[in-house]
Amino acid sequence: MSLILKMEENKKTTGKVSGIIANLVIVEVDGPVSQNEICFINLHGTRLMAEVIKVMGIKAYVQVFESTRGLKIGESVEFMGHMLEVTLGPGILSRNFDGLQNDLDKMEGTFLRRGEYTAAIEVDQAWAFTPLAKSGDNVIAGSWLGEVKENWISHKIMVPFKFEGKYTVKQIQAAGNYKASGAIAVLTDADGRDHEVSMVQKWPVKVPIRAYTDKPRPFRLMETGVRIIDTMNPIVEGGTGFIPGPFGSGKTVLQHALSKQAEADLIIVAACGERANEVVEIFTEFPELDDPRTGRKLMERTTIIANTSNMPVAAREASVYTAMTIGEYYRSMGLKVLLLADSTSRWAQALREMSNRMEELPGPDAFPMDLPAIISSFYARAGYVYLDNGSTGSITFIGTVSPAGGNLKEPVTESTKKAARCFFALSQQRADSKRYPAVDPIDSYSKYLEYPELQEYLAENISEDWLGSVLEAKNILLRGKEAYEQINILGDDGVPIDYHLRYWKSEVIDFVILQQDAFDKTDASTPIKRQKYMLGKVLGVCNTGFSFEGFEEVNPYFKRIINVFKQMNYSLFESEDFKKYEAELEEIINERKAA
C-alpha cells in the first residue's frame with residue numbers, strides 16, 4: 001500500500017501553537033506528522049489551512065495559507081493525515097481557482113475572507129457518461145474507464161491514480177447521466193476486494209502523477225504562430241521554456257498570444273504572484289477572447305489559477321503545484337496541455353521568505369540553497385508521455401521570470417536556465433524601440449535544435465535544409481549586430497559600404513521575421529508553411545549581391561524592401577495582394593542587383 005493511502009488511514013494527530021513568525025507557525029504535536037501534511041489551526045472558530053514544511057522532534061513548522069493576524073500561543077491544531085490535494089474530475093475547465101483550488105467565482109465580497117474554502121467542482125452535477133471499458137477488462141491506475149463531454153473536450157474518467165497494481169473491471173455503468181460523486185464502476189483488486197470508483201478523485205500536488213508507460217525526450221515541433229519562436233527558437237510539444245524580462249517588456253502579452261494561438265488542446269494559466277491589476281486583465285480578457293482553433297471562446301478550454309502578490313506567500317507556492325497537477329491529470333487523458341506560469345520569480349520569493357523565517361542557511365541573494373533543485377524538479381514534471389493504451393499526451397510548460405532591474409544574472413533566472421530548454425530573453429531596448437515581440441534574437445536560444453529527434457522531425461515535416469536556413473539567419477543577425485556596433489563607433493562614413501549592407505540585411509530579417517503585429521488579424525499568427533516561405537524569401541534577399549555608389553543609398557533602398565515585405569505579412573498567404581507585393585519586391589531587388 002502506498003504512503004499516501006497509509007497517511008489517510010492513520011489516526012489524526014493534534015497539537016498546540018508554540019511559536020508564530022508571520023505566516024510560519026511552530027506547533028508542538030502529540031503524535032506523528034509527515035512532511036507536506038495538511039493541518040488546520042483553530043483561530044476563534046475559524047480554521048486556517050497550513051502545510052508542514054519541516055519536522056524537528058515534537059515540533060512541526062507549518063506555513064499558513066492565510067493571514068495569521070490575531071493568532072496566539074496555545075491555539076489548537078488538527079493534522080489531517082494527508083498532503084495538500086487537488087480535486088480532479090469533470091468541471092475544472094472554464095473555472096477560476098486560487099492556489100488551494102477554491103472556486104473564486106463562488107466567493108463573495110471584494111476581498112477573500114480568512115478561513116473561507118469552497119468546493120473545487122460540483123460533485124452533485126450530472127454528466128453524460130459513455131463507458132470505454134467493459135466488464136472483465138484488466139486496468140491499472142490511469143486507465144480510461146469512460147468519458148464525458150466537458151465543454152468540447154473529451155474528459156476521460158480514469159482509474160484513480162492512488163490505486164496500485166492490476167485491477168479487473170467487475171461492473172461499469174451503461175451510457176447515461178450520472179452524478180460526478182456517484183459510482184460509475186466497481187474494480188476488483190488482486191486480493192479479490194471490490195473498490196467503487198466515481199468520476200472524482202484526489203491527488204497530492206507535490207507528488208508527480210506517473211500514469212504513463214514511457215516519457216521520451218520531446219521531439220514534435222509545437223506551433224505557436226509566433227515567428228521568432230517557431231522559426232528561430234522553437235519549443236516542442238512537451239518541452240519547457242521561460243521568458244525573462246524587465247517590467248513593461250511584454251511578458252504577459254506574449255503569454256496571451258501563446259495561449260490563444262499555440263497548438264494545444266487546453267490552457268492552464270497560473271498567475272503565481274502577479275499584481276492584482278494583471279490578474280484582473282486575465283479574468284476580464286480571457287472570457288472575451290475568441291479561439292481561432294475552434295471558433296468558440298478561448299475560456300472554454302482554459303483554467304486559471306490565480307494568486308496575486310498581496311495574497312499570503314505560501315499560497316503562491318501552492319498555486320504552481322496545483323496548476324501542474326491539473327495539467328498532469330489532463331495529460332493522462334491523451335491531451336496536449338499548455339501550462340503558463342507568471343511569474344515564477346514571485347514563487348521563488350515566497351520560498352525565500354519561508355526559508356529566511358526558518359533561519360536556514362541562505363544561498364545567493366538570500367534564496368534557498370536548494371532553489372535550483374526545486375525549480376528543476378518542478379520543470380521535470382512537464383513532458384511528452386506514452387500512455388498504457390498507446391495514446392500520447394503532453395504538458396508544455398512556459399514560465400516567466402521577473403528579474404529585479406532586468407538583471408538576467410540573478411539566481412532565479414540562472415536556476416531556471418539550467419532547467420528549461422528554451423530561453424526567450426525579452427529586451428528592454430527592443431521594447432523601447434517598439435520591436436515586438438521584444439525577444440532578443442541573439443541572447444535567446446532553443447536547446448531543442450540540438451536534439452537529433454527534432455532535427456529529423458524538422459527535416460521530414462518542413463524541409464531538409466530548414467535547420468541550415470535557421471542557423472544562417474541567426475548568423476546574419478549576429479553579423480548585423482557587430483556591423484551596427486562598428487557603425488555606431490566609427491560613424492556612417494567611417495566604415496566600408498559592406499558594413500551598411502550587412503547591417504541592413506539583418507534588419508530585413510528583424511522586421512520581416514522577428515517582428516509581428518499581434519493586433520493584425522493576418523500577421524498575429526503565422527502557420528509554419530508560411531514561415532518557411534517567408535524565411536526563404538528573406539534569405540534570398542540577404543544572399544543577393546547589391547551595387548551602391550555610396551552608403552547614403554543603402555538606408556532608403558532597404559527601407560523600401562522592408563516596407564513591401566511588411567505588406568506581404570499583412571496580406572493573406574498566396575492571395576492576389578500577396579502576389580502583387582511579391583512582384584513589386586522582385587522589381588525593387590532587380591534595381592540594385594549586382595551583375
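**Figure 1. The loop between α9 and β25, with P437, in the predicted model.** P437 is found in the loop that runs between α9 (428–432) and β25 (445–446). The model is predicted. The peptide bond from Y436 to P437 is cis. Its omega is near -5 degrees. Most peptide bonds are trans.

Figure 2. The bond that joins D342 to S343 is cis, and omega is near 5 degrees.

**Figure 3. The loop between β1 and β2.** A22 is found in this loop. Phi of A22 is near 55 degrees. That is a positive value, and A22 is a residue other than glycine. Most residues other than glycine have a negative phi. Both flanking strands, β1 and β2, belong to the closed barrel of the next view.

**Figure 4. The closed barrel of six strands.** Which order do the strands of the barrel follow? They run β1-β2-β5-β4-β3-β6, and the pairing is antiparallel. From one strand to the next, the twist averages 45 degrees. The barrel is closed, and β1 pairs with β6 across three bridges.

Figure 5. Strand β6 covers residues 76–83 and pairs with β1 (residues 14–21) in the antiparallel sense. Three bridges link β1 and β6. Within this pair, T14 stands opposite E78 of β6. Strand β3 (residues 37–43) also pairs with β6 in the antiparallel sense, over four bridges. Which residue of β6 is the bridge partner of F40? The partner is E78.

**Figure 6. The pairing of β2 with β5.** Strand β2 spans residues 24–29, and strand β5 spans residues 59–64. The two pair in the antiparallel sense over five bridges. E28 has K59 of β5 as its bridge partner. In a regular strand, side chains alternate between the two faces of the sheet.

**Figure 7. An open sheet of four strands.** The order is β12-β11-β9-β14, with antiparallel pairing. Why is one side of β12 and of β14 left without a neighbour in the sheet? β12 (153–158) and β14 (176–179) stand at the edges and have a single partner strand each, so one side of each has no neighbour there. On average, and with direction ignored, neighbouring strands of this sheet are turned by 45 degrees against each other. Strands β9 (residues 126–131) and β11 (residues 144–150) run antiparallel and are joined by two bridges. In this pair, P131 has G146 of β11 as its bridge partner.

**Figure 8. The largest pocket and its lining.** The largest pocket holds about 1200 Å³ of space. Its lining counts 41 residues. Which of them are closest to the centre? They are T252, V253, L254, H256 and A257. Helices α3 (251–261) and α4 (276–285) each supply at least two lining residues. The largest share, eight residues, comes from α3. By class, the lining has 16 nonpolar, 13 polar and 12 charged residues.

**Figure 9. Confidence along the chain.** The protein averages a pLDDT of 92. Of its residues, 96% score at least 70. Among the elements, strand β22 (residues 383–386) has the highest mean pLDDT, 98. Helix α1 (residues 3–9) has the lowest, 45. Over residues 1–9 the pLDDT is below 50. How many contacts does this stretch have in the model beyond near neighbours in sequence? There are 19.

Key:
Residues are numbered from 1 along each chain as its sequence is written. This is a predicted model: local features need pLDDT of at least 70, side-chain atom pairs count only at pLDDT 80 or more; totals for chains, interfaces and linings use all residues. Side-chain values use heavy atoms; hydrogens and water are left out. On a 1 Å grid over the protein atoms alone, a cavity is a set of points where a 1.4 Å probe fits but cannot get out, and a pocket is an open set with protein on both sides within 12 Å along at least five of seven lines; lining residues have an atom within 4 Å of a point. Grid points are joined across faces, edges and corners, and a volume is the space filled by probe spheres set on the points. Ala, Val, Leu, Ile, Met, Phe, Trp, Tyr, Cys and Pro count as nonpolar, Asp, Glu, Lys and Arg as charged, and the others, Gly among them, as polar. pLDDT is the predictor's confidence in each residue, from 0 to 100. Contact means heavy atoms within 4.5 Å. Two strands pair if DSSP finds at least two bridges between them. Axes are lines fitted to C-alpha atoms, for helices over the stretch in contact, and angles run from 0 to 180 degrees between N-to-C directions.
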